[in-house]
Amino acid sequence: MDLSQLLNDVNDFVWGPIMLALLVGTGIFLTIRLKFLPWINLIYAVKMITQKKAQHEGDLSPFQSLMTALSATVGTGNIVGVATAMVLGGPGAIIWMWISAAFGLSTKYGESVLAVKYRETNSVGEMAGGPMYAMKNGIGGTLGKVMAAAFAFFAVCASFGIGNMTQANSISAAFESSFGWPDWITGIILVIFSLAVLMRGVHSIGKVSSFIVPSMAFFYLLFTVIIIIVNFENVPGGLVIMFKMAFSTEAVAGGIGGSIVASMLTAMRWGVARGVFSNEAGLGSAPIAAAAARTDHASRQGYVNMTGTFFDTMIICMLTGLVIASSGMLGAVDPESGKLVSGAQLTILAFSTVYGEGAKYIVSVALALFAYSTILGWEYYGEKSLEYLISNRKVIYTYRALFSCITFIGATQTLDIVWNFSDTMNGLMAIPNLICLLILNGKIAEECFHYQKEIVEKEKRGIVVDSD
């Protein structure tokens, strides 16, 4: 058996039914355990994103922390992942992405609360937090330390794969197909841009992310909404097919969905898997950014970071799905290969129904910006995980430089093995993180209910509260 096949088999096991059930099951359990407060307070959480509070201990503003987390989650999954899920799992996969994201709100809330609650200050005065510190300080003992070291190791490995090389490869492929740029030119540009931001640390990442993420999200949403309006006569039919195939034992999309055949289990599998890939709820990565926030209460930042799942999957992914479903391009066949068009090419075809030849430029630029922001966000995740394992500042600066340079390799090489390796590392990150959430669910609930009673209910009545 060759290495590629071995990694593929391991990846299929790691991301099999047991893992997906654990991911969604943890979200369902926490939603019930927290008495549905993450759902009830969603509007409150969105309002808090730009709310200015008194200065507190931390490195980033709550908004910058959320944008850093979103920079790593809003990425290729919103364009490539949605299209792939709809081809492999049928249009119903989008509904299951949405359902998994709804329960993922509680997961993201819980892991972010623990990240702030158990964070520490490092040797240069920066905040260091995330699942590894929750495991070490919350669970404690040998078990907590072993889980923490395992999570940190898997996160460092994943940062080079899913957070770096695969993103750089997506950028170079998009620019080569749309603009004819040689991959080595894209690689050099990526190295320069990455070094310029990453070598200056978390404050630089936070500032750049807080500009790129809202800007790119706004323009992408604008382009998608225009397509949905132009193709609006197909939207009701698209929604009907989505719901029909999401809950049907066996269904053919038909009509605007082409001849794609998918059962409810297939739709569920691909919808949940691609949804988690997109919003990272349960992986434990986003809480690392949450731990850097200046906040007066762990729950406040938990709610702020929770909105990342809402924006990423429940809005951006859903709109991409509606664009594809209403375009009539789902089920299109590539005349050269005879295979169904999937991934970025399917999204480009859907955009071309309104923007014609300009579609490939719009999607390529959006994909490039999404992927570049993911590189920035994941460097921070990898850096903080490495810092947990090796608290040496020279090692950290070496990591920043190495991480930036590796974008060139990602941009210029084929990465089938890297994709499988990256997916596997992501899955292995999730296992200790989910176990940690289940073990410390009482601490999460305690923080949640105290914050609800002492702060949320008073703030909703217009009473100014500072939990310090």
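Buried means under 20% relative accessible area, exposed means over 50%, and partly exposed lies in between (1.4 Å probe, protein chains only). The legends below use these classes. The model is predicted: local features need pLDDT of at least 70, side-chain atom pairs count only at pLDDT 80 or more, and totals for chains, interfaces and linings use all residues. Residues are numbered from 1 along each chain as its sequence is written, and side-chain values use heavy atoms, with hydrogens and water left out.

**Figure 1. Overview of the chain.**
The chain holds 20 helices and 4 strands, where helices (H or I, at least four residues) and strands (E, at least two) are DSSP runs numbered from the N terminus. Its radius of gyration is 21 Å, close to the 23 Å that the globule rule gives for 468 residues, so the chain is as compact as a globular protein of that length. The radius is taken over C-alpha atoms, and the rule is 2.2 Å times the number of residues to the power 0.38. The C-alpha trace spans about 60 × 50 × 45 Å along its principal axes. Of the 468 residues, 60% are buried. Among contacts (heavy atoms within 4.5 Å) with a separation of 6 or more, 82% join residues 24 or more positions apart.

**Figure 2. The loop around Gly 282.**
Gly 282 sits in the loop between helix H13 (264-279) and helix H14 (286-290). Its relative accessible area is 1%, so it is buried. Residues up to four places away in sequence aside, Gly 282 touches Leu 23, Thr 107, Glu 111, Ala 430, Asn 433 and Leu 434. Trp 96 is 186 residues away from Gly 282 in sequence, and their C-alpha atoms are 16 Å apart.

H16 (residues 343-355) has 13 residues and reaches 18 Å from its first C-alpha to its last, close to the 18 Å expected at 1.5 Å a residue. The expected span is 1.5 Å times one less than the number of residues in the helix. Which residues of H16 are buried? They are Gly 343, Leu 346, Thr 347, Ile 348, Ala 350 and Phe 351. An α-helix has 3.6 residues a turn, so residues three or four places apart point the same way. The buried residues of H16 pack against helix H6 (76-88), helix H11 (202-230), helix H15 (298-327) and helix H17 (358-389). Just after H16, Gly 356 takes a positive phi of about 60 degrees.

**Figure 3. Helix H18 and its packing partners.**
H18 (residues 393-412) has 20 residues, and its first and last C-alpha atoms are 30 Å apart, close to the 28 Å expected at 1.5 Å a residue. Its buried residues include Ile 396, Tyr 399, Arg 400, Phe 403 and Ile 406. Gly 410, Ala 411 and Thr 412 are also among the buried residues of H18. The buried residues of this helix pack against helix H9 (141-179), helix H10 (183-198) and H17.

**Figure 4. The loop between H2 and H3.**
Lys 35 lies in the loop between helix H2 (17-33) and helix H3 (37-40), and Phe 36 is found in that loop too. Most residues other than glycine have a negative phi. Lys 35, although not a glycine, has a positive phi of about 55 degrees. Phe 36 is not a glycine either, and its phi is positive at about 65 degrees. Lys 35 is exposed, with a relative accessible area of 57%, whereas Phe 36 counts as partly exposed at 35% relative accessibility.

**Figure 5. Gln 452 in helix H20.**
Gln 452 belongs to helix H20 (residues 441-460). With a relative accessible area of 12%, Gln 452 is buried. Neighbours within four places in sequence aside, Gln 452 is in contact with Leu 37, Asn 41, Tyr 303 and Glu 457.

Leu 239 is in helix H12 (residues 235-246) and counts as partly exposed at 29% relative accessibility. Beyond its neighbours within four places in sequence, Leu 239 is in contact with Met 318 and Leu 322. Leu 239 and Ala 325 are 86 residues apart in sequence, with a C-alpha to C-alpha distance of 7.9 Å. Ser 215 lies in helix H11 and is partly exposed, with a relative accessible area of 26%. Ser 215 and Lys 453 are 238 residues apart in sequence and 36 Å apart in space, C-alpha to C-alpha.
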